[in-house]
Structure formats: structure tokens, C-alpha cells
Amino acid sequence: MKELSPAPQLSQVSKPSQAPTQVTAPDAPADCGLWLEAAAGFVSTPAIEQVVRRARAYLDAGYPVHFSGPAGIGKTTLAFHVAALRQRPVVLIHGDESLKSSDLVGGESGYRRSRVVDNYVHSVLKTEENVQTLWADNRLTLACKQGYTLLYDEFTRSRAEANNALLSVLEERLLTMPRQGTGEEACIGVHPEFRAIVTSNPEEYAGVHRTQDALADRLVTIRLDHFDRETEVVVTQAKSGLSREDCEVVVDIVRGMRKLGIARHGPSVRAAIMIARMAAQEKVGVGVGDPLFDEVCQDVLSNVSGKVFRDGEPDVSHRVAEVIAAHSIKATLARPRREQGTRA
Ligand SMILES: Nc1ncnc2c1ncn2[C@@H]1O[C@H](COP(=O)(O)OP(=O)(O)O)[C@@H](O)[C@H]1O
Ligand SMILES: [Mg+2]
């Protein structure tokens with residue numbers, strides 16, 4: 001199973017009063033429960049705040065929350081943020097084709113063999129052997145028992161069978177797991193503080209398993225799309241350190257490309273961050289005819305757009321050039337007015 005590492009914008013912190021940095025149940029795999037705290041780098045705008053508020057309300061009411069939307073719009077970042085706000089340890093799982101039910105629930109981890117040799121009476125040798133199966137809880141079990149928040153990123157990349165254990169956890173708040181050594185099943189009650197936050201990209205077509213209807217039915221799905229321009233500008237600025245004015249040009253180019261609809265759902269704010277970071281690092285002139293800026297946009301946007309063609313669209317780079325040119329002219333015209341304190 002792949003373990004998801006904490007998003008870079010969230011720090012793993014210790015709660016010195018009662019909780020250690022990493023909380024692990026005695027019989028659980030190490031590094032399972034992490035205390036997260038909302039990072040200073042998380043950008044909140046009215047659009048994001050609305051989503052966060054709704055997600056927290058559903059979680060407070062006991063419902064599992066599902067952020068669903070295209071790649072790169074900020075689902076994982078939001079999920080981490082909302083999880084951190086719960087102020088409970090978080091257990092992370094990253095959806096994966098190879099994930100098995102035992103990677104969620106746990107499984108037999110070996111045997112303990114003990115042997116008693118009794119030769120107290122010299123003429124009698126008595127031996128007794130005892131073999132015991134050892135069980136190790138895995139992440140879902142840990143979260144259910146300890147009342148942690150389960151953050152299951154891209155859960156539809158896992159096979160439906162692997163996710164089956166989640167059904168009764170979410171509906172009946174019961175976790176079904178094999179009874180040790182008997183081959184039978186046992187149910188354990190889920191801790192009242194247990195919550196689940198999951199993400200998925202319904203548009204992803206490679207390596208994705210259709211959400212089982214039963215599972216989808218138990219989740220409150222918050223459908224997300226690319227955020228508004230203001231949110232994208234603020235996120236790009238926060239992640240790149242480029243000036244607001246330059247970020248506006250970058251975001252407008254990215255949104256311009258998106259509007260063309262060459263790629264099914266992109267490019268996302270992630271592309272804007274890439275371009276802006278490169279511009280900041282290389283001190284590139286944004287939207288002023290600097291050839292390096294055009295090349296970086298070409299590299300990032302042709303690649304993103306080239307992933308999915310519509311009707312075999314052959315000339316992505318021409319389209320990128322057109323969009324850059326259009327927005328560079330706009331930016332140039334707007335700049336003198338901005339300098340006089342007038343917003344474009
Ligand atoms: N609210 C936000 N605050 C700060 N950065 C964000 C925010 N939303 C998105 N990002 C940044 O945008 C990029 C894509 O976000 P991510 O959560 O990985 O998207 P997704 O999970 O939808 O693919 C990341 O670099 C992330 O840091
Ligand atoms: Mg993600």
C-alpha cells in the first residue's frame with residue numbers, strides 16, 4: 001500500500017499537552033496517525049471558505065465527505081485542510097490499484113510459536129506446542145478504533161473489493177473484520193469521533209474503478225470545479241511569490257487555454273503555479289514579450305493540453321501562442337492604468 005505523505009502545505013505538528021507528533025495504537029503499524037495543523041500557506045477565499053464550511057458541517061453531523069473534481073483544482077489540499085481543522089489525528093491512505101482489503105482493515109502478520117518441554121520426571125518427556133496467529137490492525141481499523149479522521153485520497157483508484165470494508169463503517173458504523181484464527185468474522189463498533197474525508201477525480205480514465213453505487217450513496221459528495229479567477233490568482237501568488245499583477249496575467253493565460261476546451265478539464269491552477277514559480281525563479285518578464293516566458297508557457301500548457309486532444313487537434317502550441325499574445329496585449333494595455341491606481 002502506498003502511504004500518502006502529508007501535503008507540503010500542511011505541517012505535521014506535535015500537540016505537546018497530551019498528544020505526541022505521531023500517534024500510534026499499540027498494535028498498529030507505525031506512522032499511522034498524524035496530527036496535522038492548517039498551514040499558513042493555505043489560501044482561503046470566499047469560494048473556498050464556503051466549501052470548507054459545508055464540509056465541516058457535514059463532518060460535524062457525522063457524514064463522510066467526498067471532494068470530487070478534475071485534477072489540479074485543490075481537492076487534496078482542501079481535504080488536508082478540513083481534516084486538520086478537526087483537531088484529531090489523521091490516517092492517510094492513497095488509493096491504488098494494488099490496495100487490498102487487508103491494507104485497510106489489517107491482516108495476519110505471522111505466527112507466535114511456543115513450546116513447553118517438561119522433563120521434570122526423568123523417565124517422562126512431555127512436550128506441548130502452541131501456535132498462535134498474530135494480527136496487525138491496518139489504517140481503517142486504527143482510525144475506527146481510535147476515532148481518528150480517515151483521509152482517503154483518490155479512493156476510486158482502488159478496486160471496489162478493497163473498499164468494501166468502508167460500507168458498513170460508513171453506514172452502520174461497524175467494522176467487519178476476520179476473527180483471529182477462526183476464519184469467522186467479527187464486528188467492532190466505530191469510535192464516535194471517527195470521520196472520513198475522501199477525494200476522487202471522476203474524469204480520470206486510466207486506472208480508476210467506478211465508485212460502487214453503494215459507497216457513493218453513503219458519501220456526501222461536494223462537486224468541485226476550477227475555482228474562480230480571484231481564488232486562482234491568490235493561490236498562484238501564495239505558491240509562487242510572483243507579484244499579484246504578474247499572477248493575474250499567468251492565471252488569465254491558463255484560464256484562456258481552459259476556455260478553448262482542448263483538454264477535457266485543464267489546465268488547472270497547478271499549471272498556473274508552475275509557470276508563476278518559473279517566472280519568479282528565473283526573473284522572467286511576464287506578458288512583456290520575454291521569449292523565456294513564452295517557452296515556459298508552451299512547455300507547461302502544451303503538455304497539459306496535449307494529454308487529451310479533441311478530435312485530434314494538431315496545433316496546440318499555436319493555440320498557446322495565441323492565448324499568450326492576447327493576454328500579453330491586455331496586460332500591457334492595463335499596466336499604465338494600474339500604475340495610476342486604476343484596476344483593469
Ligand atoms: N487553497 C489552497 N491553498 C494553497 N494552495 C492550494 C490551494 N488549492 C490548491 N492549491 C495548490 O494547487 C495545487 C493543486 O492542488 P491539489 O490539492 O494537489 O489538487 P488536486 O488534489 O485537485 O489534484 C497544489 O500545488 C496546491 O498546493
Ligand atoms: Mg489530489
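Predicted model: local features only at pLDDT ≥ 70, side-chain atom pairs only at ≥ 80, totals over all residues.
Residues are numbered from 1 along each chain as its sequence is written, and chains are lettered from A and ligands numbered from 1 in the order in which they are written.

Now select ligand 1. It is surrounded by 18 residues, with Val43, Gly74, Lys75, Thr76 and Thr77 the closest (a residue counts if its C-beta atom, placed from the backbone, lies within 6 Å of the ligand). Color α2 (75-85), α8 (229-240) and α10 (269-282) next, the elements that each give two or more residues to this shell. Domain 1 (11-102 + 138-223) and domain 2 (229-339) each supply at least three shell residues; these bounds come from an automatic or database domain assignment.

Then move to His265, in the loop between α9 (244-260) and α10. Is His265 buried or exposed? His265 is buried, because 21 other C-beta atoms lie within 10 Å (20 or more make a residue buried, 12 or fewer exposed, and anything in between partly exposed, with C-beta atoms placed from the backbone). Show Pro70 and Glu203 too: His265 touches both, leaving aside residues up to four places away in sequence (contact requires C-beta atoms, placed from the backbone, within 7 Å). Finally, draw a distance from His265 to Ile73: their C-alpha atoms are 10.0 Å apart, though 192 residues separate them along the chain.

How values were computed:
Helix = DSSP H or I, 4+ residues; strand = E, 2+ residues; numbered from the N terminus. Contact = placed C-beta atoms within 7 Å.
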